Amino acid sequence: MVREFKLPDVGEGVAEGELVSWLVEEGEEVSEDQPVAEVETDKALVEVPSPVNGTVREILAEEGEMVPVGNVIITFNVEGEEAEETESQAEQASEPEGVDEPDEAEGGVDETEEVSTSEGRVFAPPRVRKLAREEGVDLSSVQGSGPGGRITEGDVQAAAEGDSSEPADAETAEAAPAEPTEDTGGADAAAGTAGGAAGTAAPSSVESADREKTLAAPATRQLAKEQGIDIDAVPTTEERDGEAFVTPEAVTEYAEAQQRAQEADVAAAATGETGPRETREPFKGVRKTIADAMQRSKYTAPHVTHHDEVDVTKLVETREDLKPVAEEQGIRLTYMPFIMKAVIAALKEYPEMNAMIDDENEEIVHRNYYNIGVAAATDAGLMVPVVDDADHKGMLQLSSEMNELVQKARERTISPDELRGSTFTITNIGGIGGEYATPILNYPEAGILAVGEIKRKPRVVTDADGNESIEPRSVMTLSLSFDHRLIDGAEGAAFTNKVMEYLENPELLLLE
């Protein structure tokens with residue numbers, strides 16, 4: 001019995017996710033709760049577990065594909081129940097003489113192709129299903145031309161052109177000299193057939209055919225092996241039973257074309273031309289999510305940024321004193337928990353900075369809780385883990401939770417819920433360099449504070465007698481961006497002054 005598995009809602013309110021990678025292959029045995037795929041939703045990379053013990057029957061989504069929640073992405077043969085037949089021995093016996101298919105012979109079952117069952121179901125490999133969706137073709141209305149009536153890409157293309165009544169086997173019935181086509185991996189074989197075997201369309205391009213299945217004689221496979229050529233990469237226009245058929249001449253020409261390309265690359269490297277002038281990649285995933293959030297924030301809330309410097313010499317001394325105490329408890333104490341405490345104290349005195357504008361309902365939402373987001377740079381992009389109810393937690397607890405969340409973000413194991421619900425965000429730009437910034441609001445929050453690197457700078461210091469002197473002090477820069485619809489400039493400056501007061505006098509934090 002086949003068990004279909006739909007993409008679950010791996011995060012609150014998630015409508016779709018990008019299937020980043022499959023962790024299993026068709027035919028592989030799996031156990032319940034074993035991760036079978038990685039899905040990226042919002043900013044988190046989530047492993048999707050198997051719901052059953054069994055064997056992977058069919059993978060129905062491509063890596064990199066956006067899949068709506070609720071779509072079937074994989075099917076399983078449930079353990080202990082008889083699997084449906086997917087390919088009969090008669091089909092294998094019908095292969096042309098002199099042609100071997102080591103992949104199928106070894107596997108016993110064609111893992112990538114499809115069969116029609118008595119229930120009328122149609123199974124298709126992911127690439128064929130994807131092509132059908134792109135072309136708007138209903139697979140159930142397509143008659144397959146592959147072995148056992150299986151549907152191929154050619155069948156889908158024919159159906160898309162309104163010619164589904166003549167499946168691809170009409171093209172492959174002629175084993176004799178085939179007309180060159182454009183769907184064989186880019187090979188232009190029109191002029192090269194005279195010197196080859198009957199029906200061989202020798203390729204002139206080095207572009208790989210990148211097939212999953214190839215028919216060829218044993219001697220041809222041996223030739224490809226000797227040439228170091230992947231037989232599935234050799235372009236050809238000839239087919240047998242709906243499958244690509246490669247001749248020795250095609251292998252030889254492809255090997256020679258690759259050799260010429262390698263020589264051209266060597267020549268280009270010698271002249272300093274080592275690569276293309278530009279490359280392109282899809283704009284999607286985490287980078288697209290970040291871009292959409294930034295764009296919405298910037299074009300919705302008018303930003304103003306207030307800059308200042310704060311003398312944190314006492315804070316540096318205090319942290320040095322407390323570091324050994326934290327280390328005894330296995331906690332790495334950074335400056336961020338101090339900054340979080342100072343920000344929370346200032347938010348309580350200036351509650352508008354912890355509020356937000358509900359644009360849809362045209363309301364100002366005042367929040368009496370303090371969830372602090374801490375921006376973290378990861379390999380996948382900027383993420384903002386959130387420490388909930390930070391005002392109820394001590395210095396070491398804040399440090400421990402924040403370190404754990406940031407680590408999870410960088411390892412892509414953080415959950416979507418741990419990235420939501422912040423009321424104010426802090427970002428540390430000093431770790432990489434620079435002093436000031438103009439941070440973009442983590443919309444719809446009203447404020448975001450960027451802190452720079454602590455540097456030793458000369459400062460004018462006044463003693464108890466009013467005498468001034470210049471001393472080297474530890475100085476941190478602050479950059480506060482705020483939503484100018486809700487926060488006036490004076491209030492933004494006053495808020496910053498309050499944060500500075502706590503950072504200059506860290507003993508005040510003991511009262512928080």
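Which residue in E6 is the bridge partner of Val30? It's Gly54. Keep in mind that this is a predicted model.

- Four strands make up an open sheet, ordered E1-E8-E6-E3 and paired antiparallel.
- E1 (2-6) and E3 (29-30) sit at the edges with a single partner strand each, so one side of each has no neighbour in the sheet.
- The link between E3 and E6 (residues 54-59) consists of 2 bridges, and these two strands run antiparallel.
- The Val30 to Gly54 pairing from the opening belongs here, with Gly54 on the E6 side.

**H10 against H11**
- Two packed helices are described by the angle between their axes and by the distance between those axes.
- For H10 (residues 336-349) and H11 (residues 395-410), the angle is about 115 degrees and the axes are 9 Å apart.
- Their crossing is right-handed.
- H10 brings Met336, Pro337, Phe338, Met340 and Lys341 to the contact, while H11 brings Met395, Leu398, Ser399 and Met402.
- Sorted by type, the residues of this H10 and H11 contact come out as 7 nonpolar, 1 polar and 1 charged.

**The two sides of H6**
- In H6 (residues 218-227), the buried residues are Thr220, Arg221, Leu223 and Ala224.

Notes:
Residues are numbered from 1 along each chain as its sequence is written. This is a predicted model: local features need pLDDT of at least 70, side-chain atom pairs count only at pLDDT 80 or more; totals for chains, interfaces and linings use all residues. Side-chain values use heavy atoms; hydrogens and water are left out. Two strands pair if DSSP finds at least two bridges between them. Axes are lines fitted to C-alpha atoms, for helices over the stretch in contact, and angles run from 0 to 180 degrees between N-to-C directions. A crossing is left-handed if the near helix is turned anticlockwise from the far one by less than a right angle, and right-handed if clockwise. Contact means heavy atoms within 4.5 Å. Ala, Val, Leu, Ile, Met, Phe, Trp, Tyr, Cys and Pro count as nonpolar, Asp, Glu, Lys and Arg as charged, and the others, Gly among them, as polar. Buried means under 20% relative accessible area, exposed over 50%, partly exposed in between (1.4 Å probe, protein chains only).
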